[in-house]
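Please read this briefing alongside the sequence and the 3D view.

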Amino acid sequence: MATSAADAPLTVSTDGTAGPYVVVTSEQLGPVAEALRAEGVRFQVDQEAVLLNGAPALAVIDLGMGADVTRVQGVLDRVATELQRKGRRGRRAPTRKELIIRGDAAAMRELRGRFETGSHGGWERRADVEDRFRQTLPPRTVAFCFSKLVPAVNRQVAVLMQGRGPGMWEELHLSGIVPLTGRGQLDLAQHDQVVTDFRETFVKPLARDLGVRVLDRSVSAQPSLEEVLSTEAMARLRAFAAAANKNTLHELDLRRWAGFIGQTHLDDTVVDPDLLDAWLADEEFQANQREALIREFNSGRRLLNAYDDERRE
Amino acid sequence: MPPTATVVAQLTADPKPVICLDTCDILEVIQCLDWERPGAPRGVTCIEPARRLLNTLAVDPGRAMVIITDLVHTEWNQNIAGVRKKADEFLAKIDAIVGYPYRAAGFAGTVLPVYDPLSSKTLVDDLVALSTALLNQATRLDLDAAHTALALDRVMTKRRPSHDGHIKDSINFEHYLAFARRLRAAGFVEDVLFVSKNRKDYWDGDKDRIHPDLKPEIEDAAVQLQFFGSLVSALPQVGI
């Protein structure tokens, strides 16, 4: 579940008491650092990577007390525009918010003590759930559970937080949100509303004056096609899309498409047709062409599977 | 391990969706740390749904019941050491690969950030803990001679999922069919899911759906077992 590495938002955060900072993906770190240096902005990069669930690492750029936030934001806006220009066009995949709290050992120990005292902002500590949750985690992992009827989604929900990292004292991250009422999952918007409520009414008030950072980032809620396909299959798909006549597919285009189908079969990759359709749409293939290509993909894979079965027997 | 009749009685008294797992679904969260083939690592998308299922059941144990056969439990125990070793070897190999550009950088005078070897981290331990938690979350069904005999019959007649001659999949399949049949006979109306990423024996080619040879058996009105090829596709069916 990768976050979109190059076009993630670039914003100066001023919350907490550790001074303004910027969270960047590894792809953004180089261009942002270069632009800040060019502008004579002093900064330090927190060398320890921030890991989100299933997403590439992030880095934190510390700007230090007294930084000119407006000026730095202007630099970031320019870098973001440039990165978006260079990046691939296309629609954004659906995302959901992740939440991480980081700080030094003493600050996190104090925050944990505040968490343990229980209620704040309507959130109640759920020791019963914590016991069960802890049993599913590696030994000695720090675990918390809080529940609340969150007005924005009008449902009682439980938020699970767990420790991560050396000693597991220096970082807490959101492990999951589970609705306590009703059977259905929260949709992505509701998930984000719960994260926002938890952050604003529970975490931030308790973390005030501690010098910890409360980071939230949106990560893709679906695997990308790049994560599913092999390097060879992805290269074949890209080659097909780059060469294809998108008005009327040429015989050579169809041959390249067949090569892509064959490669996914050799790789034994399961491809979600919706994911493939979305990728082709990003590449500006029309709906009728996409439909025909995916039909051919499905029938091609079916035929190849049948061939394999026959050979086995 | 409670007798199957007790599990059926528990579920009919307190109905909740049932998720029957195959050994590969539980080991997969560790096995994803391996090569699909040389140069191509496996995907890791199986970890998040396993965590989501455990989180949901920690918060609300009544949301669903996870079921395995005693054979799944045995197979997990037989394989865990080997699976763990492969995951350790995978990380060691990645560390070795990363060593090459570092050696090149040394000769070229290029500065690279300090590399902290992956094999010194707790990643494999943590994934083993996740897999163990999933195994321990499950209620075990005991094996009975009659359904094991039916599995053997599938081997003898080369019927799926034993068309290749292996009996283990048929033992699990026969017991899950029988379990679902007993639940339905007792008036159980909740979803009963069977999850297996074993494509060769259960899937319809590369499609995440049951093979046509097995479809009539699971769709029988007296059984109503729903097949899913992965936890990620199964969990939304039961609102997780």
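Which residue in S6(B) does B:Leu21 stand opposite? B:Leu21 faces B:Val195 in S6(B).

This is a predicted model, in which local features need pLDDT of at least 70 and side-chain atom pairs count only at pLDDT 80 or more, while totals for chains, interfaces and linings use all residues. Residues are numbered from 1 along each chain as its sequence is written, and chains are lettered from A and ligands numbered from 1 in the order in which they are written.

**Confidence in chain A**
- Within chain A, confidence is lowest in strand S3 (residues 44-50), with a mean of 70, and highest in strand S7 (residues 143-150), at 96.
- Strands (E, at least two residues) and helices (H or I, at least four residues) are DSSP runs, numbered from the N terminus.

**Where the chains touch**
- In chain B, 23 residues are in contact with 28 residues of chain A; contact means that the C-beta atoms, placed from the backbone, lie within 7 Å.
- On the side of chain B that touches chain A, helix H3 (47-59) and helix H5 (123-137) of chain B each supply at least two residues.
- H3(B) gives the most to this side, with eight residues.
- The residues of this side of chain B divide into eight nonpolar, seven polar and eight charged. Nonpolar covers Ala, Val, Leu, Ile, Met, Phe, Trp, Tyr, Cys and Pro; charged covers Asp, Glu, Lys and Arg; the others, Gly among them, are polar.

**The sheet in chain B**
- Five strands of chain B form an open sheet in the order S5-S4-S1-S6-S9, with parallel pairing; two strands pair if DSSP finds at least two bridges between them.
- Strand S5 (139-141) and strand S9 (226-228) of chain B are the edge strands, each pairing on one side only.
- From one strand to the next, the twist averages 30°.
- Strand S1 (residues 18-21) and strand S6 (residues 192-195) of chain B pair in the parallel sense over four bridges.

**Two helices in chain B**
- The axes of helix H6 (residues 145-156) and helix H7 (residues 168-185) of chain B come within 8 Å and cross at roughly 130°. Axes are lines fitted to C-alpha atoms, for helices over the stretch in contact, and angles run from 0 to 180 degrees between N-to-C directions.
- That angle makes H6(B) oblique to H7(B), since angles under 35 degrees count as roughly parallel, over 145 as roughly antiparallel, 65 to 115 as roughly perpendicular and the rest as oblique.
- Among the residues making the contact are B:Leu150 of H6(B) and B:Ile171 of H7(B).

Terms used:
Two residues are in contact if their C-beta atoms, placed from the backbone, lie within 7 Å. pLDDT is the predictor's confidence in each residue, from 0 to 100.
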